[in-house]
Amino acid sequence: MRISFYLPLIVAIFLFGCQNKTTKDKADAIYFGGTIITMEDASPTVEAVAVKDGKIIFTGKKSEADEYQGDSTKTYDLKGETLLPGFIDAHGHITSRAGMIQAIDLSPTPYGTVNSIPDLQNTIKKYTKDHKIPAGIPLIGNGYDDAIMVEHRHPTRQELDAISETNPIIAIHASGHAAVANSAMLKFVGIDENPKDPAGGHYGRDQKTGKLNGKLEENACFTALLTLTKKMSKDQGNNLTQSMKNLMIAQDEWLSYGQTTMCDGRTMGESVALLKEAADRKLLKADLVYFPDFEYFKKEFDKFKPEYMKYNNRLKLGGFKFSDDGSPQGKTAWLTIPYLVPPAGQGPDYKGFPIFADSVLYNDLKILFSNGITAQLHVNGDAAIDQAIRVIKKLKNEGIYKPELRATLIHVQNSRPDHIQKIKDIGVIPSYFSTHVYLWGDWHYSSVFGPERAAFISPANSALKAAILFTMHHDSPVTPPDLLTAVYSAVNRKTRSGRILGPNERIKPIEALKAITINAAYQYHEEDSKGSLKVGKLADMVILDQDPLTINPEKIREIKVMETIKEGKSVYKRGLNKTTSG
């Protein structure tokens, strides 16, 4: 009798529970009808993905996905296009890009038209005329590249003076590590005719006269730009509104290239306040991980600590940034062997220069690592890579650095074969600027490093064979925030001229895609929620018009981002947004 009394109750509870589960499991959206690449080795491709409340609740066969379809479920037929996890920006500079939105574009091909010094002069003159710029107003140009321009040299102070003697003019190198100023700009930012080189920086001088030629390298450049920014902001009053508009334009550009996690890899000046303002106003459409420059904010370190690894309205403090040397294409990176062709004004033994002494880097990293906080270290030249390895190894031997912090070596361009095992031993992540092979490979081959060293830049395959997890990045605004070109470059290792630079370092498309998805998620300590299409992870996804795993590898650069989806919500759709991917 006891069983017969309880049986109806048990059946009712069971049926109610099943009904609740069925209701709960109805998806908000189901994607099917194309190639779906998961980045999960156990199931590399699936037929369908179901999403609910911004997370993935199913991946698998289309017939099984149909069980998640309810009256309000939206179905998305990919119609042969390809769905992947959203791309993750392992290292970029979104606030720098925002700051350059209104700058005069001095980029060469393939992104611009300034391929000579006369092109540069005419572009600035045309901008001044078209925008009716009054005398005395500063002009900022960005992106000129001596590696590509026919003269293969930087413009001079006198060549900028020829544009205007009344408007302060500064032209920023594509690397972001150097600039050239005219006489009016030197005066405007307070640089006299006989300045002393700052620590970690250099003022260019005419070889014959010894006078300033307008070139500013590394900290000389950064100091001038910060001074310029402060003076212009003061003159223009509270310019936060325009700065925010520019940040939103930059954000849309990142989204148009398929990125659902963005990066600000060296936040300086007022940019921290700008990012926090954007977060407080809930203006961020995708997650943004930022890394303040440690030396710049060292005195404020304690204020940052409580924010570490915690998202607030999509903004997260991911650690701190160190710039240990300069740019290889700009010939300021710190090498152990001299540059093949030294820059103007330097002798045949010129090797670039460091930004920090070992003692400074050691003490700074010790503060961070002792507090359980990670770092990104910009290291381009092999001497800078040596320094980072040397200092981190010492801290690891002292029990202060632990591999679980996942410190990251950024760029690692002029790497040597012996670095591979050392990087593995100390437990850091190399993040390669693979696009260099395509954009500047010919310059590295013929002018920067020479054939042997150039063949080993961004050695992704060597890292792969050593079982080292690596990522890849675009370093925008050095290049557009374009990770598919990084994939193309890592897979093909083909320069602009068609030379194969280091064929042994080519990797398969799937490995390159992992570097900008699941590996990048790991770098950010977010592998449990991002980087692959897996049940329980965020529905961060990108739709491409072609499958990068089956297309001719040399056509990967031509793939277009059709849609970017952040936590199940479309944040960019090709043809509907102002910004379009290239």
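Helices α15 and α18 are roughly perpendicular to each other, a term covering angles of 65 to 115 degrees. In this predicted model, local features need pLDDT of at least 70 and side-chain atom pairs count only at pLDDT 80 or more, while totals for chains, interfaces and linings use all residues. Residues are numbered from 1 along each chain as its sequence is written, and side-chain values use heavy atoms, with hydrogens and water left out.

The angle between α15 (residues 435-448) and α18 (residues 483-492) is about 75°, and their axes lie 5 Å apart. On the α15 side, T435, V437 and Y438 make the contact, meeting T485, A486, Y488 and S489 of α18; contact means heavy atoms within 4.5 Å.

Turning to a strand, E218 belongs to β12 (residues 212-218). E218 is buried and has no salt bridge, the nearest side chain of opposite charge being R266 at 6.0 Å. Here buried means under 20% relative accessible area with a 1.4 Å probe, protein chains only, and a salt bridge needs a side-chain nitrogen of Lys or Arg within 4 Å of a carboxyl oxygen of Asp or Glu. The side chain of E218 does make a polar contact of 2.6 Å with that of T332, such a contact being a pair of N or O atoms within 3.5 Å, one able to donate a hydrogen and the other to accept it. Beyond four places in sequence, the contacts of E218 include H177, D325 and F353.

G86 sits between β5 (82-85) and β6 (87-88) and is buried, at 3% relative accessible area. The C-alpha atoms of G86 and M541 are 4.0 Å apart, although 455 residues separate them along the chain.

Notes
Helix = DSSP H or I, 4+ residues; strand = E, 2+ residues; numbered from the N terminus. Buried < 20%, exposed > 50% of the residue type's maximum accessible area, 1.4 Å probe, protein only. Lys, Arg positive; Asp, Glu negative; His and termini not counted. Axes fitted to C-alpha atoms, helices over the stretch in contact; angles between N-to-C directions. Parallel < 35°, antiparallel > 145°, perpendicular 65-115°, else oblique.
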